[in-house]
Amino acid sequence: MRRPLGLTVSRHILDSQRLHPDASGELSGLLNELIVVCKTISAEVNMAGLAAIIGLSGKKNVQDEEVQKLDEFAHLTLVNRMARCGYLCVMSSEEEEEVIEVEPNFEGNYVLAFDPLDGSSNIDVNVSIGSIFSIHKRRSTSGPGSSADLLQPGHAQVAAGYVLYGSSTMLVLTTGDGVHGFTLDPNVGEFYLSHANIKVPERSTYLSINEGNKQSWLPQVQAFFEMLTQQDEEKQRPYSSRYIGSLVADFHRNLLSGGLFAYPRNTKDPELFQGKLRLLYEAAPLAMIIEQAGGRAITDDGRNILDIEPESLHQRVPLIIGSKLDVDDAEEYFTR
Ligand code: AHM
Ligand code: MG
């Protein structure tokens, strides 16, 4: 007998919509459009090595076609499709300084912020990368949206997710009723539910941090991470180090296996004084996912990431995120 096919992500989204009888179906439509884009990016990422287009923006590939850098490709694919999807009123991308308007007469009720391809320094070396997205309802009532629609705190997100382009392509999504993971079957072109209701282990023994920067962290941050590397058998310390340098990959590993990811502020580098990662399309969506999975996300001075009122589109934020009890311990050190 043939095995029954798994639950597709589209089916899952429709089923979730049924739980909200008042839903207009717009969010479902928006997510489905976004998923099509991510499948397109996934196909391109998988071809990167073969087509010899890695990092060769402005050059020609083996078919003598003009090629784009993958991050540029991901950005344009997202913008071009989502600007006409009819569900958005404005967008923001890591790759674009200003807000991105949607096509006139295609305005909808949602706003989208995204990092089209995070971890781009890892593209050339065939290490996992990912796309991250955050969705809010618009604040304005009609017409084209503006930055005011995008500058909303993380706790007001209606959906958040990422797609990891790894050994397989995986979509991790929350619409506020838990976190679910879907793996792409590239032969069928469908994401199937593979990880239902993901919960992050409450306590971990793994640490993901760029230790090369440790002399530049705040003293209390240095003290906390120093403590995690000290011998303490009862507490299962020292923690083991796991750092890829690709946020989606590091986060995903910790989400499934437990772990603490941190990118604290760098007190000696003015550009990184507020941390490196961006609030709107990196920290806030991952914070929504981790909270839905039972974990936590804070800054290196103990603020909840989801409570921060954004002031600008590309605002950076120090990010400490992962297993709940590890973040609780970090908070205790940071707020002493
Ligand atoms: P990017 O948006 O330019 O790709 O930078 C973000 C990346 C994250 O994926 C990763 O967590 C971090 O930068 C790594 O930074 P570092 O190399 O300083 O450790
Ligand atoms: Mg990024």
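This is a predicted model: local features need pLDDT of at least 70, side-chain atom pairs count only at pLDDT 80 or more; totals for chains, interfaces and linings use all residues.
Residues are numbered from 1 along each chain as its sequence is written, chains are lettered from A and ligands numbered from 1 in the order in which they are written. Local features need pLDDT of at least 70, side-chain atom pairs count only at pLDDT 80 or more, and totals for chains, interfaces and linings use all residues, while side-chain values use heavy atoms, with hydrogens and water left out.

**Helices H2 and H3**

Helices (H or I, at least four residues) and strands (E, at least two) are DSSP runs, numbered from the N terminus. The axes of H2 (residues 26-47) and H3 (residues 70-82) come within 10 Å and cross at roughly 155°. That makes H2 roughly antiparallel to H3 (angles over 145 degrees count as roughly antiparallel). Axes here are lines fitted to C-alpha atoms over the stretch in contact, and angles run from 0 to 180 degrees between N-to-C directions. The crossing of H2 and H3 is right-handed, meaning that the near helix is turned clockwise from the far one by less than a right angle.

Contact means heavy atoms within 4.5 Å. On the H2 side the contact includes Leu30, Leu34, Val37 and Ile41, and on the H3 side it includes Phe73, Thr77 and Arg81. The residues of this contact divide into 11 nonpolar, two polar and three charged. Ala, Val, Leu, Ile, Met, Phe, Trp, Tyr, Cys and Pro count as nonpolar, Asp, Glu, Lys and Arg as charged, and the others, Gly among them, as polar.

**Strands E5, E6 and E7**

Strand E6 (residues 169-174) pairs with E5 (residues 159-165) and with E7 (residues 179-185). Two strands pair if DSSP finds at least two bridges between them.

| Pair | Sense | Bridges |
|---|---|---|
| E5 and E6 | antiparallel | six bridges |
| E6 and E7 | antiparallel | five bridges |

Val172 in E6 is the bridge partner of Tyr162, and Phe182 in E7 is that of Leu171. E5 and E6 form a hairpin with three residues between them. The hairpin of E6 and E7 has four residues between the strands, and Gly176 in its turn has a positive phi of about 100°.

Six of the six residues of E6 are buried (under 20% relative accessible area, 1.4 Å probe, protein chains only). Thr169, Leu171 and Leu173 point one way from E6, and Met170, Val172 and Thr174 the other way.

**Helix H7**

Helix H7 (residues 279-292) is mostly covered, with 12 of its 14 residues buried. Among them are Tyr281, Glu282, Pro285 and Met288. Just after H7, Gly294 takes a positive phi of about 95°.

Terms used. Angles under 35 degrees count as roughly parallel, over 145 as roughly antiparallel, 65 to 115 as roughly perpendicular and the rest as oblique. Buried means under 20% relative accessible area, exposed over 50%, partly exposed in between (1.4 Å probe, protein chains only).
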